[in-house]
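This report goes through the chains, their domains and the contacts between them. Please look over the sequence and the structure before reading on.

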Amino acid sequence: MTEKKTMATIYIMGKAYKVPSTLTIMKAIEYAGYRFIRGCGCRGGFCGACTTFYRVKNDYKLNVDLACQKIIEDGMYIVQLPFIPAEKPIWDLNKMKPTTDEVISVFPEITRCLSCNVCTAACPQDIEVMRAIQALRRGDLEKTVDLTFDCIACGACSIRCPAEITHYQVFQLARRAYGKYVMPKAKHVEERIKEIESGKFDEEIQRLMETSVDNLKGIYEKREIEPE
Amino acid sequence: MVIMVKVLYYPGCSLKNTYPEFEKSAYEVCKKLGLELVEIPDWNCCGVVPSLAADNVMRHIGAVRSFINAQEKGREIGTNIVVTLCSMCYNVLKRVNLILKEEPDMLETVNAFIDDQPDYIPELKIVHLLNLLKEIGFEKLEEKLNNPLRGLKVAPYYGCALLRPNKPDGVPIDDPENPTILENLIKSVGAEPVDFPFKMECCGNYHVVFEPNIVEMRTKKIIGSARSEKADIIVSSCPLCTYNLERGGGTVDRSEQIPVVFFTQLLALALGAEPYLPTELNINFKRNRRRKV
Amino acid sequence: MSKLKIVRGYPEYMRESIEAVEKTREKRLKETFPLMSLEERDEILRKFHPDYKEEAKRPVKVGPNKGDLMPHEVADLLEAHPLIKPKDVDLSKVDFNVDILIIGGGGAGMTAALWANYSGVDAENILIVQKLRLGDSNSIMSQGGIQAADKPNDSPVLHYLDVMGGGHFTNDQKLARRLVLDASLIIKWHEELGVMYDRESDDTMVTIHGGGTCRKRMHSARDYTGLEIVRNLKDEVLNKNIPILEFTSAVELLTDEHKQIAGAVLYNMETQEYYVAKAKSTILTTGGFGRLHIQEFPTTNHYGATADGIVLAYRVGAKLRDLEAVQYHPTGVAYPEQIVGLLVTEKVRGLGAQPVNRNGEQFVYPREPRDVEASAIIRECYERNNGVETPTGMKGVWLDSPMIDILHGEGTIAKKLPAMLRQYKRFDIDMTQDPILVFPTLHFQNGGVIINENAETTVQGLFAAGEITGGTHGKNRLMGNSILDYSVFGRIAGITAAKHAKNAKIGKLTLDHVTRYEKMLKEAGIETDRNAPILLPEYRGEKVLSRALDIF
């Protein structure tokens, strides 16, 4: 059972193109004849390369979404934002403390946050961006980390922010500091490394490497599977 | 058995990051006095940095969002009182609340802009902890003293934000021309308030960032005045004043320095609770004198 | 023209099948479909796995692997003309002169760069060349996790067994050994970088099963493991000030008169300018080949997965292996049409969701190794005709995702699979309430450039790591071993390349191998207008392409 294709008109940077109506913005732009060099990455919603701004017919509201995931609408006006102008500040994680103070000192513009919430409205990942920034002001590093784990650094929030904060860079620092210093180091991993370095498993693996394929298959089939 | 009275509490950014001792000592004091400080969930920065420049209410969105969360929490715990510690947060929150009460157009604009939260109905009461303590009654403090700070000479530094701008039912926590609330507090813990003419003079505030010489000039005068009145310590209610006074713009001679503590730390000490004082400052009261280590 | 009625994301007619799935769910919660024996595995592969289709491959006519079978799409690239002619490039003007040239800035490339730096190579003597943005790669898209045998009830020996069994015992044993022995130190290094692996309430790593594993040793960071690791690597590479050229491809390697690799000719994709990069060690970390759409399968891969590195390596005489072993991930999205081919992570099955046919019946053990699982789904749809057909004619089976919250508590999917939940919600499908439709999708290049335990290829001065390499996984990779692969061998490549660069002496730069290759093509009787590497896939609308003029 196949549907016949209905067409829609979209405006790519103001130019009208007729494309099949079920396409995502990304595929529609390609259908229209554009070949992506910028503005296309994983094509699966993970990498933030295809941030796209658009308006729909008869609506003043400015919207943001990922081109690879958003289906077009008839009359859509679109433009892409393949790059956010922001130098990444250099930091040495080994010389930093996992505190909100530390993060704010690297990004003092955080203190300009007006709580206007435009960032949250722009986020294609449903992250509560303003809340995450304010959590830093509240001294709550863990909350910032928890709220922003799904951030794909698309930059939509940053380009809209009146205080000119680059949220995705702020959150990356917060998460790295948290992951490195606050999350506990797994002792069992350290112990296993010591065992491996002492050569504990060398002999057994060597035996497996030297045995016949049939023997190996037998050992493999007989191995016990850990239950759920 | 003390029945805890609940009030909403707005901490402000400085108390969570740079000066946690102000908040911690306040919790200790309030606990002793039967007050439960309920922190407003998801409060936002009051916006003091951007808001100092303009009276455009859009720059106070942070404060209003905090009011909305306070309003909701307040209904849950049965209060409309929001208490603050930081003078500057107090000043901003008080003034924003006032504007919204007096100018319905502003209120409507702000509520329309914040379209992701319920509307704010200006029924909250913003108070400073000093006012709350006065209402509870300073004599109650006297009753609970564990460690009266006899012989300690304390200079009450008000700064600006607790007293200005003047307006009926507005910012001033006491008579803006000659406030005595801190002095009364100091007396009630057994110490001796020092009257010095610079108690309400501005420390220089954010000029410390770009014009530190202004702060140096002003704090020198303030500390010099307190010193000439033989003050042992200065109490303040403002993280920024404290920062400026402690550093004196970075150039005050260390030997001329007088320790600056938050008023809640003094209270905590007197009530026998943990004052969160820095280790090098050791105020010994049994021997009625100050000993600096 | 009839319009389909959509009910909560699905066409009405598919709801009938969903109801069948709901009916059998309670019974199935207590049932485990039996595992296949090794013989059953072999049989199902031979009959249904796309790799075994004779018409889909041919022996390649030129080069070090002449006569070896490869998918047509790969052979087409090897039997193609180089992009540049030696006369078009002035090799006397060298634009970059470095110790280490890294071609491909994904997980493997960034790991190699960092470890070369830790090994004593100054940042300014390293150069990363990246076709898209730094970090854009298949590494970003791994959703499941990374295997490492670091729990007390596990050991690298068991991990080794799993790797060999999954690879049908065709793996390079030394590479497999290296993979499992270095796993724990990679996890530790990631911890130090700040990677937020999921922990239990104490410091213990959360680990689950993957396909073909005998112990729960898959570490993850929610369902963004790949992204979480890559963004940490990317941040660290930037902090170290390692030079990067973005939107720049390597279009041909350079050799010198001693037949060792001497660097590469680079091409700025935006300005069309070429650069000559001279290097003492060259590392290929260009990833996979999903965008070649082998046998017209959709793919999980990122935009740039076009096997560029294979072509580059082959032209300088590097040997390859197992290129006909293509991994089709058993569960790619089959509906909705807009996201067909994207990955539905094995973790979904790891958390308990069962594959079921249109009648709500189980037909395979949920976690056979990938090639076996994929074959079972293909058999179910095309021989037994028990699949569900989508409005666009695609067939698929259900993955009963609502089982996850039932087994582990409400909110499990929201907590452990937030990316997937969000992806389906965009198309009005709630995977906590309804099953999702899946079908195999082109996922991973099992084979590739041959390397030894030191990440050295068969050509002097050329190293490789990650998906571009072959041998580690044999003919089939297990879930969680690809992140491990690029980390372990990316690290080794960085260290080995650094050591090599200390003593390497590069002679006169040449493109003689290009001339030799053209001669080889001629002698083999290959007449074609194909060029390789293709750099990016062609997705422009056919209508437009048929009327496009290359005049400006």
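Which domains does the domain assignment of chain A give? It gives domain 1, residues 7–80, and domain 2, residues 93–182. The model described here is a predicted one.

## Chain A: two domains

Taken over C-alpha atoms, the centres of domain 1 and domain 2 of chain A are separated by 28 Å. Seven residues from domain 1 of chain A and seven residues from domain 2 of chain A take part in the contact between them. On the side of domain 1 of chain A that touches domain 2 of chain A, strand β4 (residues 63–66) of chain A has the largest share, three residues. That side consists of four nonpolar, two polar and one charged residues.

## Chain B: two domains

For chain B, the domain assignment gives domain 1 as 5–129 and domain 2 as 144–292. Their contact takes 22 residues from domain 1 of chain B and 22 residues from domain 2 of chain B.

Three helices of chain B give two or more residues to the side of domain 1 of chain B that touches domain 2 of chain B: α1 (13–17), α2 (20–32) and α5 (87–102). The largest share of this side, eight residues, belongs to α2(B). By class, the side of domain 1 of chain B that touches domain 2 of chain B divides into ten nonpolar, six polar and six charged residues.

## Chain C: overall form

Chain C has 17 helices and 24 strands. Its radius of gyration is 23 Å, close to the 24 Å that the globule rule gives for 552 residues, so chain C is as compact as a globular protein of that length. Along the principal axes, the C-alpha atoms of chain C fill a box of roughly 75 × 60 × 45 Å.

Of the 552 residues of chain C, 60% count as buried. Among the contacts in chain C with a separation of 6 or more, 76% are between residues 24 or more positions apart.

## Chain C: two domains

Both domains of chain C are assigned in two segments: domain 1 covers 9–48 + 327–442, and domain 2 covers 86–325 + 446–503. The centres of domain 1 of chain C and domain 2 of chain C, over C-alpha atoms, are 30 Å apart. The contact between them takes 25 residues from domain 1 of chain C and 27 residues from domain 2 of chain C.

On the side of domain 1 of chain C that touches domain 2 of chain C, at least two residues each come from β16 (326–333), α10 (347–350), α11 (370–382), α14 (418–425) and β20 (436–445) of chain C. Of these, β16(C) gives the most, with four residues. The residues of that side are ten nonpolar, seven polar and eight charged.

## The nonpolar core and a buried helix

The largest nonpolar core has 313 residues, and I100(C), I102(C), I283(C) and A464(C) are those with the most contacts inside it. Helix α15 (residues 481–503) of chain C gives the most to this core, with ten residues. Beyond its neighbours within four places in sequence, I100(C) is in contact with residues including A116(C), V121(C), I126(C), I283(C) and A497(C). In soluble globular proteins, nonpolar side chains tend to be buried together.

How many of the eight residues of helix α9 (residues 308–315) of chain C are buried? Eight of the eight are, so this helix is largely enclosed by the rest of the structure. Among the buried residues of α9(C) are D308(C), I310(C), L312(C) and R315(C). After α9(C) comes G317(C), whose phi is positive, near 95°.

## Contacts between the chains

Two pairs of chains touch, and the most contacts are between chains A and C. That contact takes 65 residues from chain A and 71 residues from chain C. On the chain A side, α1 (25–31), α7 (167–182), α8 (187–197), α9 (202–210) and α10 (213–222) of chain A each supply at least two residues. The largest share of this side, seven residues, comes from α8(A). The side of chain A that touches chain C has 31 nonpolar, twelve polar and 22 charged residues.

The contact between chains A and B takes 15 residues from chain A and 16 residues from chain B. Here α2 (100–106) and α4 (129–137) of chain A each supply at least two residues of the chain A side. The side of chain A that touches chain B divides into four nonpolar, six polar and five charged residues. Chain B and chain C do not touch, and their nearest C-alpha atoms are 21 Å apart.

Technical notes: Residues are numbered from 1 along each chain as its sequence is written. Chains are lettered from A and ligands numbered from 1 in the order in which they are written. This is a predicted model: local features need pLDDT of at least 70, side-chain atom pairs count only at pLDDT 80 or more; totals for chains, interfaces and linings use all residues. Domain bounds come from an automatic or database domain assignment. Ala, Val, Leu, Ile, Met, Phe, Trp, Tyr, Cys and Pro count as nonpolar, Asp, Glu, Lys and Arg as charged, and the others, Gly among them, as polar. A nonpolar core is a set of buried Ala, Val, Leu, Ile, Met, Phe, Trp, Tyr and Cys residues joined through C-beta atoms within 7 Å. A residue is buried if 20 or more other C-beta atoms lie within 10 Å of its own, exposed if 12 or fewer, and partly exposed in between; C-beta atoms are placed from the backbone. The radius of gyration is taken over C-alpha atoms; the globule rule is 2.2 Å times the number of residues to the power 0.38.
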